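Let's take a friendly walk through the aromatic side chains of this protein. Have the sequence and the model open side by side as you read.

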Amino acid sequence: MLNQVVSRDEWLKARLGLLQEEKELTRRSDELAQWRQKMPWVRIDKEYRFETDKGTVSLVDLFKGRSQLLVYHFMFGPDYSAGCPSCSSIADGFNGIAVHLQNHDVMFSAVSRAPLAKLKAYQERMGWTFPWASSYGGDFNADFNVWFSEEQQRGGGIDYNYRREAAWQPREDEGSVAVPSRKTPDGAASGAAMSGTDTATYARERPGLSAFAIEDGVVYHTYSAYSRGLDGLWGMYQWLDRTPRGRNETGMWWRRHDEYKLG
């Protein structure tokens, strides 16, 4: 269905009105960025360990000499056969930005709970080169609220995106592996099926972004965002938001980039 069709002069008038709102949003976004930078820091004293291409490393090592570190919490649990399709779509933009961040005193790394061998195999399949560390067997994901136990999930003990979730209520038609066509509000069933696991196991992993700083050898946690707070990292949505039909979605329409069948 067509929008209203007008003359070029009328279109320009409408565009200038929208431009004022866009400028206000930009100014507000700048203010929020400054607010993030003024957030208090939390000292990290726990000795986290990660498996990487360079062997077992510490959180300090992930900085690789930079004073700042950005971590993308990529949903890829030990029981997954492939990475979360949503995280995979977001990660398609990481290769291009990682080198620019490194040149600007900011190290970037994805972190997932799956063993390193699984991550490397999937990374090769996707053609990615950005740093990716395994936190398998450690507390890192739990401590930064991107992994939860089955006990937390079924007992209403999940605090994600700074709010408490209700207890998990499995449906009677829930099988051991989710069915892609089954509709759920958050797309968990579809994501689980595409990741080769059941819905409950899939949903215990969560996406997120955490920022860290290092001063005099001490690491500090400075910021974390989850859920819709990650929208700005998802490149395709920034483009879709500027198309005439916008996001135009009713469900989980995206796939891993090697799964599309495009004419």
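## Charges over rings

The charged end of Arg-247 is placed over the ring of Tyr-237, 4.1 Å from the ring's centre. A charge sits over a ring if NZ of Lys or CZ of Arg is within 6 Å of the ring centre and within 35 degrees of the ring normal. Arg-8 likewise lies over the face of Trp-11, at 5.1 Å from the ring centre.

## About the model

This is a predicted model, where local features need pLDDT of at least 70 and side-chain atom pairs count only at pLDDT 80 or more, while totals for chains, interfaces and linings use all residues. Residues are numbered from 1 along each chain as its sequence is written, and side-chain values use heavy atoms, with hydrogens and water left out.

## Aromatic pairs

The structure holds 29 aromatic pairs. Rings of Phe, Tyr and Trp (its six-membered ring) pair if their centres lie within 6.5 Å; planes under 30 degrees apart count as stacked, over 60 as edge-to-face and the rest as tilted. Helices (H or I, at least four residues) and strands (E, at least two) are DSSP runs, numbered from the N terminus.

Tyr-122 and Trp-128 form another edge-to-face pair, 5.7 Å centre to centre with 80° between the planes, and both residues are buried. One aromatic cluster includes Tyr-72, Phe-94, Tyr-122 and Trp-128, along with others such as Phe-108 and Tyr-202.

## Trp-41 in its loop

Where is Trp-41? Look in the loop between α1 (8-37) and β1 (42-44). Trp-41 is partly exposed, with a relative accessible area of 42%. Beyond its neighbours within four places in sequence, Trp-41 is in contact (heavy atoms within 4.5 Å) with Ala-213, Glu-215, Tyr-220, His-221 and Thr-222.

## Leu-16 in helix α1

Leu-16 is found in helix α1 and is partly exposed, at 44% relative accessibility.

Definitions and conventions
Buried < 20%, exposed > 50% of the residue type's maximum accessible area, 1.4 Å probe, protein only.
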